[in-house]
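User: I have a structure open and a few things to ask about it. Can we go through them one by one?
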Amino acid sequence: MNRGRAGRLINRVARPMRRAASRAHPVVLAERLELDSRADLRIREITAVVKRVLPRGAVRNTLHGVPLGHPAHAPLTDLPIGAYSSAVLLDFLPGTQRASKALIFAGLAASAPTAVTGWADWSALHREQQRVGLAHAATQGAASVLFGASLLARVRGRTATGKILSLAGLGTLAAGAYLGGHLAFRMAAGANHAPSAAHLVPLGWHDLCALDELPDGWPVHRALGYIDLFVLRQGDRVHVLADACAHLAGPLHQGRITAVDGQTCVMCPWHGSVFRVTDGSVVDGPATARQTAFDTRVEEDGRVQVRPI
């Protein structure tokens with residue numbers, strides 16, 4: 001067989017293998033989950049249950065991580081992952097059975113608050129994110145079941161079975177963690193979606209528009225260069241925030257103006273995050289990062305000027 005025929009034969013065999021490997025790549029599988037609408041009815045039902053069990057207020061804000069300034073779920077995941085991984089590692093060392101059982105118990109205990117914060121965040125995501133998030137939750141739940149079974153087997157003296165179940169649980173946990181990373185880094189769930197004006201707008205004052213162009217008491221959209229702004233006039237005062245909601249970039253200028261504790265706020269039309277218009281601080285989640293706010297002033301000729309705070 002000459003070299004050319006051998007090369008063609010190798011390519012003919014290798015091409016299907018490369019295509020199969022490409023289809024099995026984790027990110028390809030995760031992207032398929034994004035587009036798979038078969039669970040959408042179930043997602044709507046679960047979302048309604050979560051919102052009914054966790055109504056808006058201080059408890060739900062705490063679960064979102066509003067007091068922390070970023071989502072609470074992500075750092076909590078370190079606890080069960082660390083405990084479970086350490087237990088599996090100790091299984092390879094002699095005389096560590098008691099420590100492994102203690103770590104698995106700690107991982108199971110830490111899984112409860114981790115799951116609750118995760119469901120709270122999940123209920124306020126876009127549908128594509130919820131599809132991946134549901135698979136993430138199911139996988140992590142399966143991992144907890146495997147580690148729970150491992151702990152039960154160890155307590156009953158079936159140590160070898162317990163170790164096998166722990167290894168299976170760790171593999172399942174890794175798959176779920178990958179989906180969680182896909183959500184956070186590929187789909188930007190939990191990231192701050194409000195632009196940082198400090199990096200995008202030059203220092204100093206910038207002309208925005210004439211004061212008489214702004215309706216009194218009604219939010220509007222204005223652009224400063226390529227940055228979209230939420231603008232609210234109240235008499236001679238003008239409040240300006242980044243228009244893209246920090247939660248998932250909803251258009252704040254389409255939101256409802258409301259009052260909380262006597263202070264004017266805007267509610268995002270997409271997922272209901274509430275921000276003070278004076279400084280962009282979060283009053284109600286699911287957003288955890290404040291909106292970028294701007295200083296404003298009105299010149300004698302009626303020009304409204306802004307600058308990043």
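User: What stands opposite phenylalanine 275 in strand 8?
Analyst: Valine 282 does. Strands here are DSSP runs of E, at least two residues long, numbered from the N terminus. This is a predicted model, where local features need pLDDT of at least 70 and side-chain atom pairs count only at pLDDT 80 or more, while totals for chains, interfaces and linings use all residues. Residues are numbered from 1 along each chain as its sequence is written, and side-chain values use heavy atoms, with hydrogens and water left out.

User: How many bridges pair strand 7 and strand 8?
Analyst: Two bridges, in the antiparallel sense; strand 7 covers residues 274-276. Pairing requires that DSSP finds at least two bridges between the strands.

User: What sheet are they in, and in which order do its strands come?
Analyst: An open sheet of four strands, in the order 5-6-7-8, with antiparallel pairing. Strand 5 (256-260) and strand 8 (282-284) are at the edges with a single partner strand each, so one side of each has no neighbour in the sheet.

User: Is cysteine 245 buried or exposed?
Analyst: Cysteine 245 is buried, at a relative accessible area of 1%. Cysteine 268 is buried too, at 4%. Buried means under 20% relative accessible area, exposed means over 50%, and partly exposed lies in between (1.4 Å probe, protein chains only).

User: Now the largest nonpolar core. Which residues touch the most other members?
Analyst: Leu208, Leu214, Leu229, Val231, Val238, Val240 and Phe294, out of 16 residues. A nonpolar core is a set of buried Ala, Val, Leu, Ile, Met, Phe, Trp, Tyr and Cys residues joined through side-chain atoms within 4.5 Å.

User: Which strand gives the largest share of this core?
Analyst: Strand 3, with three residues.

User: And the other core, what does it include?
Analyst: That second, separate core has 13 residues, including Cys245, Cys268, Phe275 and Val277.

User: Last one. How do strand 9 and strand 10 run?
Analyst: Antiparallel, joined by five bridges; strand 9 is residues 293-298. Valine 298 is opposite valine 304 of strand 10. Their hairpin has four residues between the strands, and glycine 302 takes a positive phi near 90 degrees there.
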